[in-house]
Amino acid sequence: MSEDKRTILSVSQLTGEIKRVLENSFPRLWVQGEISNLTVHSSGHLYFSLKDAGSQVRCVMFRSYAKDLMLMPQDGMQVVVQGDVTVFDRAGQYQLSVQQLQVAGSGELAQAFERLKKKLADEGLFDAEFKQELPAYPKSIGIVTSPTGAAIRDIVKVARRRWPGIELILCPVPVQGVGAAEKIARAVDDLNQYGKVDLLIVGRGGGSAEDLWAFNEEILARAIFNSKIPVISAVGHEVDFTISDLVADLRAPTPSAAAELAVPDVREIRSNLSDLAQRIISSINDMLDSAEVRLSSLQRSYGLNRLQDMLSQKSQQLDWAGTSLNNKINDRVGSYNNRLQGQAIALKALDPKNTLKRGYSICRDQNGRVVVSSKALDKGKLITAEFHAGKAQMTVEETMP
C-alpha cells in the first residue's frame, strides 16, 4: 500500500472510534465480580476494579449514583453492578460506568458482617468488662439519628412520657448510604467532646440489611467503643442485630425500647415510692404491735412478777428486821434498866442514911472528919454525932480501945 492511500488516525481519533463502537455495541448490562483497589475520591466518586479468576475491568461510580448506595463497598466484596461500557478518553481504557451496585446475595453481607465481627471480637471490643453502666436517672440524653425518621419521634415521645424533665439533644445524621457511618461516628465523637449529656442513643428505624449497613461499619463500632459516655444501640427491629449492637453498652431492640431503657418511668417511681411508704408504715405498725405484745407478755412473765414478789418479800423482811431490831433494842434497854435499877437498889442499900435508920450514927471530929476509931479522940474533944434524924454535939469523957 502506498503512503498516499494509508489512513492515519490520531490517538484521539482511534480512541474516539473505539469509544463509539464500544459504547454503541453494548447495551446497559450487569456484571458480577470481586471489588479490588477501591478508592473513594474527595469528589464522592468511587473508583474500583471488578475481577474474577481470569480478568478484571476498571469501574467508576459517580457521586450522583454513589450517594444512593446503602452500604460502602469493600475490597474483597462480591458484587453485581449495572452499568454502561464506556471509554475514558484520556487513559484510552474502557471501563464500566456503574449506576447500581448490589452485594452478590445475602451471603456476602453475612460474610462481611462475620469478618468484621470476628476482627473486633478478637480485639475485645465486645467484652463485658468494657461495658459501661447506664445512669439510673440521666438528666440529659444525646440522640444520634435522622431528624426526619420515625425513630426520633418514638424516642422523644416515649422519653417525655416516662420522664418529663429529661433534656434531649439531637445530633442529626444520615442513617444510611455511603458516608453515613462516618457521620454517625463523628456525631458520637462530637457529643463526647460536648460532654454535657449523660447517655447516648444511637440508632434508626427498621430497614433492609443494606439500609442498616452503616451500623455494621468499623468506623462507627470504634467510635461507640471509645465513647466515654454510655451508649445504647437502637437499630431497626428486634430481629436486627448489628455490629453497633454488639459493641454498645446496651442493645435496645427498637428506638422506643431504647427510650424505655434510658429513663425511668415517673409513674412507676411514684407507685414504688407509695408502696415503699406503705411498707414502711406497715413495718412500723408491725413493730409497734410486736412491741406491745412483748410488753404485755413481759408484764405477765414470771420474771417480772417474781421481781414484784421479791420486792414484796424484801419489804416484808425489812419490816420483820425492823421489828426484830426494835425488840432487841427494847430488850437491851430493858436489860440495862433492870441492871440500873438493881445497881440503884444496891447503891441505896449502901446509903449511910439507911444504916442510920437502923440505929447507927456517924461520929465526926471538929474538922468534920468521920471518926472510925476511939484512938483518934482525946478527952475533952468535941465531936458531933449524926443520927438518922438529927445531930448532937458531945464531949469526949473517956476513950476505950
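This report describes selected strands, residues and a pocket of a predicted model.

## Basis of the description

Local features of this predicted model require pLDDT of at least 70, side-chain atom pairs count only at pLDDT 80 or more, and totals for chains, interfaces and linings use all residues. Residues are numbered from 1 along each chain as its sequence is written, and side-chain values use heavy atoms, with hydrogens and water left out.

Helices (H or I, at least four residues) and strands (E, at least two) are DSSP runs, numbered from the N terminus.

## The parallel sheet

An open sheet of 5 strands is ordered S7-S6-S8-S9-S10, and its pairing is parallel. Its edge strands are S7 (167–172) and S10 (250–252), each of which pairs on one side only. Direction ignored, neighbouring strands of this sheet are turned by 20 degrees against each other on average; axes are lines fitted to C-alpha atoms, for helices over the stretch in contact, and angles run from 0 to 180 degrees between N-to-C directions. Two strands count as paired if DSSP finds at least two bridges between them.

S6 and S7 run parallel and are joined by 6 bridges, and Ile143 stands opposite Leu170 in S7. S8 pairs with strand S9 (residues 231–235) in the parallel sense over 5 bridges. Gly203 has Ala234 in S9 as its bridge partner.

## Burial of strand S6

Strand S6 (residues 140–145) is largely enclosed by the rest of the structure, because 6 of its 6 residues are buried. Buried means under 20% relative accessible area, exposed over 50%, and partly exposed in between (1.4 Å probe, protein chains only). Both faces of S6 are covered: Ser140, Gly142 and Val144 are buried on one side, and Ile141, Ile143 and Thr145 on the other.

## The antiparallel sheet

An open sheet of 3 strands has the order S11-S12-S13 and antiparallel pairing. Strand S11 (362–364) and strand S13 (391–395) are the edge strands, each pairing on one side only. From one strand to the next, the twist averages 25 degrees.

S11 and S12 pair in the antiparallel sense over 3 bridges, and the bridge partner of Arg364 in S12 is Thr384. Strand S12 (residues 382–386) also pairs with S13, in the antiparallel sense over 5 bridges. Ile383 stands opposite Met394 in S13, while Leu382 has Thr395 in S13 as its bridge partner. The hairpin of S12 and S13 has 4 residues between the strands, and in this hairpin Gly390 takes a positive phi near 95 degrees.

## Positive phi at Asn37

Most residues other than glycine have a negative phi. Asn37, which lies in strand S1 (residues 29–40), has a positive phi near 55 degrees and is a residue other than glycine.

Arg153 belongs to helix H4 (residues 150–162) and is exposed, with a relative accessible area of 51%. A polar atom of the Arg153 side chain lies 3.4 Å from the backbone oxygen of Thr148. A polar contact is a pair of N or O atoms within 3.5 Å; within protein, one must be able to donate a hydrogen and the other to accept it, and residues adjacent in sequence count only if both atoms are side-chain atoms. Arg153 and Ser256 are 103 residues apart along the chain, and their C-alpha atoms are separated by 8.9 Å.

Asn216 is located in the loop between strand S8 (199–204) and helix H6 (218–226). Asn216 is buried, with a relative accessible area of 7%, and its side chain reaches the backbone nitrogen of Ile243 at 2.8 Å.

## The largest pocket

The largest pocket has a volume of about 310 Å³. A pocket is an open set of points on a 1 Å grid over the protein atoms alone where a 1.4 Å probe fits, with protein on both sides within 12 Å along at least five of seven lines; lining residues have an atom within 4 Å of a point. The volume is the space filled by probe spheres set on the points.

The lining comprises 16 residues, of which Gly44, Val178, Gly179, Ala180 and Lys183 lie nearest the centre of the pocket. Helix H2 (63–66) and helix H5 (180–194) each supply at least two lining residues, and H5 gives the most, with 4 residues. By class, the lining has 6 nonpolar, 5 polar and 5 charged residues. Ala, Val, Leu, Ile, Met, Phe, Trp, Tyr, Cys and Pro count as nonpolar, Asp, Glu, Lys and Arg as charged, and the others, Gly among them, as polar.
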